[in-house]
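Come along and follow each entry in the viewer.

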Amino acid sequence: VQLEESGGGSVQTGDSLTLACAASGRTTSPYWMGWFRQAPGKERNFVASISQSGTNFYTSDSVRGRFAISRDNSKNTAYLRMNALEPEDTAVYYCVAGRPIPGGLLPDSWGQGTLVTVSS
């Protein structure tokens with residue numbers, strides 16, 4: 001499956017932003033979708049994941065309560081709604097499709113990434 005993110009940009013502290021991830025290709029295969037992020041000079045970390053049906057989802061401790069993941073299977077698209085953004089959320093955000101593992105997601109496919117910059 002091919003993934004393409006959109007919705008990144010530059011915002012200020014406290015703002016909200018929604019990222020979208022459109023899937024194409026073998027979209028008939030069931031898969032979880034999720035988001036990772038990589039801040040400048042740091043490793044890539046899990047952010048959130050959602051099941052094929054959308055009924056199960058997980059978020060990392062660092063964003064729980066501020067970020068929400070959802071998906072619209074009729075559009076083959078997943079979303080990451082980010083509220084109360086902080087400068088520490090500045091990162092390249094990657095959409096992934098894969099399999100759930102304890103505490104995260106094992107990606108099979110990656111998007112190219114979209115940059116989110118939060119200024120104070």
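**Entry 1: the core**

I began by noting that this is a predicted model. My opening question was how many residues the largest nonpolar core has. I found 26 residues in that core. I then looked up the residues with the most contacts inside it, and they are M33, W35, F67, L80, M82 and Y93.

**Entry 2: the rings**

I looked for aromatic pairs and found four of them in the structure. I picked the pair of Y94 and W110 and asked why it counts as edge-to-face. The ring centres are 6.0 Å apart and the planes stand at 85°. Planes over 60 degrees apart count as edge-to-face, so the pair of Y94 and W110 gets that label.

I checked where the two partners sit in the chain. Y94 belongs to strand 9 and W110 to strand 10 (residues 104-110), so I noted a link between distant parts of the chain, 16 residues apart.

Are these two residues buried or exposed? Y94 has a relative accessible area of 12%, and buried means under 20%, so I wrote down Y94 as buried. W110 has 37% relative accessibility, so this residue counts as partly exposed.

I then saw that ring pairs join Y94 and W110 with F36 and F46 in a cluster.

One more thing turned up here: R44. Its charged end sits over the ring of Y94, 3.8 Å from the ring centre. The charged end of R44 also sits over the ring of W110, at 4.7 Å from that centre.

**Entry 3: the disulfide**

I reminded myself that a disulfide is a covalent bond between the sulfur atoms of two cysteines. How many disulfides did I find? The count is one, and the bond joins C21 to C95 with an S to S distance of 1.9 Å.

C21 is in strand 3 and C95 in strand 9, 74 residues apart, and the pair links distant parts of the chain. I read -80° about the S-S bond, and I noted the link as left-handed. Both cysteines, C21 and C95, are buried.

**Entry 4: T77**

I found T77 in strand 8. T77 has 11% relative accessibility, so I counted this residue as buried. A polar atom of the T77 side chain lies 2.8 Å from the backbone oxygen of K75. Leaving aside neighbours within four places in sequence, T77 is in contact with A20, C21, A22, R71 and D72. I was pleased to meet C21 again, as one end of the disulfide.

**Entry 5: N45**

My last stop was N45, which lies in strand 5. Its relative accessibility is 36%, so N45 counts as partly exposed. Not counting residues up to four places away in sequence, N45 touches F36 and R37. I also looked up S60: its C-alpha atom is 9.0 Å from that of N45, and the two are 15 residues apart along the chain.

How values were computed
Residues numbered from 1 in each chain as written. Predicted model: local features only at pLDDT ≥ 70, side-chain atom pairs only at ≥ 80, totals over all residues. Heavy atoms only, no water. Core = buried A, V, L, I, M, F, W, Y, C linked by side-chain atoms within 4.5 Å. Buried < 20%, exposed > 50% of the residue type's maximum accessible area, 1.4 Å probe, protein only. Phe/Tyr/Trp six-rings, centres within 6.5 Å; stacked < 30°, edge-to-face > 60°. Helix = DSSP H or I, 4+ residues; strand = E, 2+ residues; numbered from the N terminus. Lys NZ or Arg CZ within 6 Å of the ring centre and 35° of its normal. Disulfide = S-S within 2.5 Å. Polar contact = N/O pair within 3.5 Å; in protein donor to acceptor, adjacent residues only side chain to side chain. Contact = heavy atoms within 4.5 Å.
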